[in-house]
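Subject: Structure handover

Hello,

Here is the structure I promised to pass on. My notes follow below it.

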Amino acid sequence: MPSASAKPDTAAEFVRLGPDGSAAAAPHQVVTVPGETVPLFTLDLPARLHGQAREQVARRQLAARLGLRSDQFSMQPFAPARKTAAAWTRVLAADTGWLDSLRRLPGRAVLPDYLALPAAAGVWSLALRGSGPGAAISVRLGVEDGFTAQAPLALVMLQQALDSTPRPKVLLLPQDAPPEFAELARIRDIPVAASPAAVAALGLPQPVVLGHGELACDLRCNPMAAQAQLERKLRPWRWPLLAAVLAAALWSAAQITAIRRIEAQTAAAAAETTALAQTHFTNGAPVLDARLQISRALSGLRTAAGPAAQPDVLELTRRIAAVAAKAGARAESLSYQQGEAVRLAVRLADFAAADQLAAALRAQGLAVQLTDSRADGSEGGVFAEFAVTADSPDPDGERR
């Protein structure tokens, strides 16, 4: 919490929490609770942790120190207004149920009573709470620390603080404080002042009340309680979410099963294809590229059949051209693809001429099939297309 430009809260008024857990506080008043119920702890957190991970580690460390389960207490950073990595190294902790009950209290803020003491850097201040054997002592150790305890225990804790931390420059000690504390200051050679003004007279910063961001430690604004409330709101959704996750897992498993079944069928078909290729085309040799190897095998078979099995395309073309020329047909195209018939496209005077050309081709011992015939509107006459092969059965059923 900042201290260089601390300003006193001159309008601060404090109301003590009653034994029944209530406080009749006005909106401008601050409610103080016994500091024994909200101790301040220092934690050793790795600097590399940030965000929620840092809070979770802080909770685990504090649970181990207190010997409690993490759901048995709540905590909040001592200086939440300080947006640094050290924000969770000092935490206020208290019983979860008791902290929740404070949320209903009115007033400006709810603070541990030791945060209501005047504070300044290098100045420790004390205040007596109550009277008699049950009296307690609230101690503010500079700006960053503090505690409240019964007077004998407070004296021991103050001695331990003097042994483990730099010695304060002055001890702000009220006149009604037990004499043991003044004696401790004398033994430790620590100057004593009775008021903040007396501290300023020594040339030190004057301690101020609520001038170091203490209001940001309002116990009603517990970030861990807010997180627990969010978890309670989300808890009803966990079963529908679990059902959705389970449904997605079952659907994924079904899809994986179907994919594996298809992969198995594909592998079986590939194996059957390979076996057939080895049996009929590669003579048992390994099949590396089935399509290429089968194509080569078929080409070899056609070559082995010899030239007698292949039609004499040039001779067939000559015969067709001679018949077409004699019939007076005007040839448009003459094409041939291996394994197919010769295709003749011509233009003729009329459909009767097309029939006459087909008859003339058959008379030359050729097999003829009229594949297309239509009137040519652009140039007049008829366009006809014939598929012609060399072998044509004669009327007796023998091939020529």
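Is Glu 332 buried, partly exposed or exposed? Glu 332 is partly exposed, as its relative accessible area is 40%. Here buried means under 20% relative accessible area, exposed means over 50%, and partly exposed is in between (1.4 Å probe, protein chains only).

Before the rest, the ground rules. This is a predicted model, in which local features need pLDDT of at least 70 and side-chain atom pairs count only at pLDDT 80 or more, while totals for chains, interfaces and linings use all residues. Residues are numbered from 1 along each chain as its sequence is written, and side-chain values use heavy atoms, leaving out hydrogens and water.

Overall picture

The protein has 10 helices and 15 strands. These are DSSP runs, numbered from the N terminus: helices are H or I with at least four residues, strands are E with at least two. Of its 400 residues, 36% count as buried. The accessible surface is about 23,300 Å², and carbon and sulfur atoms hold 58% of that. Areas come from the Shrake-Rupley method with a 1.4 Å probe; for residues, only the protein chains shown count as cover. Take the contacts (heavy atoms within 4.5 Å) between residues at least 6 apart in sequence: 57% of them join residues at least 24 apart.

Salt bridges

The count is 12 salt bridges. The rule is a side-chain nitrogen of Lys or Arg within 4 Å of a carboxyl oxygen of Asp or Glu.

Glu 332 is in one of them, with Arg 330; their closest N and O atoms are 3.8 Å apart. Arg 330 is partly exposed too, at 45% relative accessibility.

Asp 372 and Arg 374 form another, at 2.2 Å from N to O. Asp 372 is partly exposed at 25% relative accessibility. Arg 374 is also partly exposed, at 42%.

Glu 214 and Arg 140 pair with their closest N and O atoms 2.8 Å apart.

A three-stranded sheet

Look next at the open sheet of 3 strands, ordered S3-S5-S4 with antiparallel pairing. Its edge strands are S3 (40-42) and S4 (73-77), each pairing on one side only. From one strand to the next, the twist averages 35°. Two strands pair if DSSP finds at least two bridges between them. S4 and strand S5 (residues 90-95) are joined by 5 bridges and run antiparallel. Ser 74 is opposite Ala 94 in S5.

Helix H1 (residues 51-66) lies across S3, S4 and S5, and runs at about 130° to S4. Axes are lines fitted to C-alpha atoms, for helices over the stretch in contact; angles run from 0 to 180 degrees between N-to-C directions.

A nonpolar patch

Phe 281, Leu 298 and Leu 301 make a nonpolar surface patch of about 260 Å². Patch residues have over 30% relative accessible area and no salt bridge; like charges are joined within 9 Å, nonpolar side chains (Val, Leu, Ile, Met, Phe, Trp, Tyr) within 5 Å. Leu 301 belongs to helix H8 (residues 290-304). Leu 301 counts as exposed because its relative accessible area is 58%.

Best wishes
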